Amino acid sequence: MALVCPIDSKYPNEISALLSPPSPHQVQEYFDQLVWTRQCRGLRVKQNGAFGKGLFADAAFKEGDLVLKDQMLVGSQHTSNKMDCLVCSFCFRFVGSVELQMGRKLYFQDLGVSTNHQCDMESSSPISEDCMETESDDDQEIALENNESMGGCSSSNSKGADLPKGLVESLMNGGVSLPHSNEFAMRPAIPCSGGCGEAFYCSKSCAEADWEVFHSLLCTGGKTEPSRREALLKFIQHANDTNDIFLLAAKAISSTILKYKKLTLACSGEQMKYGTYSILNNVDLSILLEAWKPISMGQKRRWWDCIALPDDVEPSNEVAFRMQIRDMAFTSLQLLKEAIFDVGCEPLFSLEIYGHIIGMFELNNLDLVVASPVEDYFLYIDELSSPYKEKAEEITRPLLDALGDSYSICCQGTAFFPLQSCINHSCYPNAKAFKREEDRDGQATIIALRPIYPGEEVTISYIDEDLPFNQRRALLADYGFECRCPKCSQEHP
């Protein structure tokens, strides 16, 4: 029997209004403003007939040109990846130092925790205070076998490499400076002001922005009211155990609630100014729709309707599978409601809304990838000329052996990018998502694959476009459309 969400029946009109597609004028106005604000010159979002909206070139782009850098609306690092990569929780730049990044990897290896397992949310970032706000001033290159200041426990690890006692701790607390690591300087890690020990930032501005937009409702630190904190931890644990797409949904709802509160406060101020102030206890739909606007622009379907059927689920079991996904979402929603419920935003906690938010991510998300400076560091050492390479490798080789394949793991997550999500698919695309050497944060980067002319639509491939026609068609069916690009039209049987 299907679980019933009472909020769905309590607010049918409000939910219908929230899920109604915005008018073409509203879409054009929103994206024109977004393109202007983000200084995305040479681009425009326009309606594209049966394909909805699309991103079009207003200027010419040459092959290899940067077409778009798009800041995410919401994004999240995969929980298991947090053990390998310490990044800013807002812009996803790597923070700390090469030494700190290596030390954390080895620390978790010492605990026997692999990247395939998730960690406790309150203990995933073992960083000493010395590494948080200041960088080590010690530029001396310290040979591992001769360092006498590394006291502490031994540093055994899952790769079987022997490291000096206390090395892992010294890497994390700034006690060791590796050769040439200054070539890969990072901003120091700034901890969350709420004391959660989970969120870190590359700058005060990122910390403040995350707190204002998301984290003030989702922080599990000691400053959070105990019952809310307990509820948040239960919600996070459920997401970690099932699907971390729920963490993105929580961010989307949190950002809408916080914007709603801000708009409501401004509205109340105006009412007080003109003597018409009234306490808004109920849902103010006009304000809620304004707060919801960034989410309203994304293509949506219910998650349990649009999620691809896994290969190990028989077609005869599809109905049961989709019902199971719906029930999982309902459980997540109830846990989230216990943690961040706001009476003025009650319709947001309907299962219909929650399902459509997650479905939007399922249909539009892009992988969040940021290259690891640890990999770059070891590549740099490998390319040194003799005798500098040999001297440096006396120090770095034991660390590389201890890290094993994990040395090259990049920051991995998932995110929704508002402008990138407007780019339609083609099996013969003229652009692609591609991170250049200088792209060191979580923004989506779109590069021209061939010349793009003014008036031409910018397209990317959602799948491997080199696959045979029938395989491409099957994969694209999960997105809910049939490709009619020139390549598919030519190859269609």
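Predicted model: local features only at pLDDT ≥ 70, side-chain atom pairs only at ≥ 80, totals over all residues.
1. **Main core.** The largest nonpolar core holds 54 residues. Ile 340, Leu 348, Tyr 354 and Phe 361 touch the most other members. Eight entries make up the list of elements giving two or more residues to this core: helix 2 (12-19), helix 6 (204-218), helix 7 (226-241), helix 8 (245-273), helix 9 (285-296), helix 10 (303-306), helix 11 (318-340) and helix 12 (351-364). Helix 8 gives the largest share, 11 residues. As background, nonpolar side chains in soluble globular proteins tend to be buried together.

2. Take Leu 348 as a way in. Leaving aside residues up to four places away in sequence, Leu 348 touches Leu 18, Ile 253, Thr 256, Ile 257, Leu 288, Trp 292 and Ile 353.

3. Glu 346 counts as buried, at 9% relative accessibility.

4. **Asp 342 and Lys 261.** A salt bridge also joins Asp 342 to Lys 261, with the closest N and O atoms 3.7 Å apart. Asp 342 is in the loop between helix 11 and helix 12 and Lys 261 is in helix 8, so the bridge ties together parts 81 residues apart in sequence. Is Asp 342 buried or exposed? Asp 342 is buried, with a relative accessible area of 14%. Lys 261 is partly exposed, at 39%.

5. **Arg 44 and Asp 32.** Here the closest N and O atoms of the salt bridge are 3.4 Å apart. Arg 44 belongs to strand 1 and Asp 32 to helix 3, so the pair ties together parts 12 residues apart in sequence. Arg 44 counts as partly exposed at 34% relative accessibility, and Asp 32 counts as partly exposed at 31%.

6. **A cis peptide bond.** The bond from Ser 386 to Pro 387 is cis, with omega near 5 degrees. Pro 387 lies in the loop between helix 13 (373-382) and helix 14 (388-403). For context, most peptide bonds are trans.

7. Most residues other than glycine have a negative phi. Gln 39 has a positive phi of about 55 degrees. Gln 39 is placed in the loop between helix 3 (24-37) and strand 1 (43-47), and is exposed, with a relative accessible area of 54%. His 180 also has a positive phi, of about 70 degrees, without being a glycine. His 180 lies in the loop between helix 5 (167-173) and strand 5 (190-191). The relative accessible area of His 180 is 23%, which makes this residue partly exposed.

8. **Val 458.** Where does Val 458 lie? Val 458 is in the loop between strand 11 (444-448) and strand 12 (459-460). Val 458 counts as buried, at 0% relative accessibility. Its contacts, not counting residues up to four places away in sequence, are Leu 43, Leu 55, Phe 56, Ala 57, Val 67, Ile 423, Asn 424, Asn 430, Ala 431 and Ile 452. Val 458 and Ala 431 are 27 residues apart in sequence. Their C-alpha atoms are 6.6 Å apart in space.

9. **Helix 13.** The buried residues of helix 13 are Pro 373, Val 374, Asp 376, Tyr 377, Phe 378 and Ile 381. What covers them includes helix 4 (98-110) and helix 14. At the start of helix 13, a side-chain oxygen of Ser 372 reaches to within 3.1 Å of the backbone nitrogen of Val 374.

Definitions and conventions. Residues numbered from 1 in each chain as written. Heavy atoms only, no water. Core = buried A, V, L, I, M, F, W, Y, C linked by side-chain atoms within 4.5 Å. Buried < 20%, exposed > 50% of the residue type's maximum accessible area, 1.4 Å probe, protein only. Helix = DSSP H or I, 4+ residues; strand = E, 2+ residues; numbered from the N terminus. Contact = heavy atoms within 4.5 Å. Salt bridge = Lys/Arg side-chain N within 4 Å of Asp/Glu carboxyl O. Polar contact = N/O pair within 3.5 Å; in protein donor to acceptor, adjacent residues only side chain to side chain.
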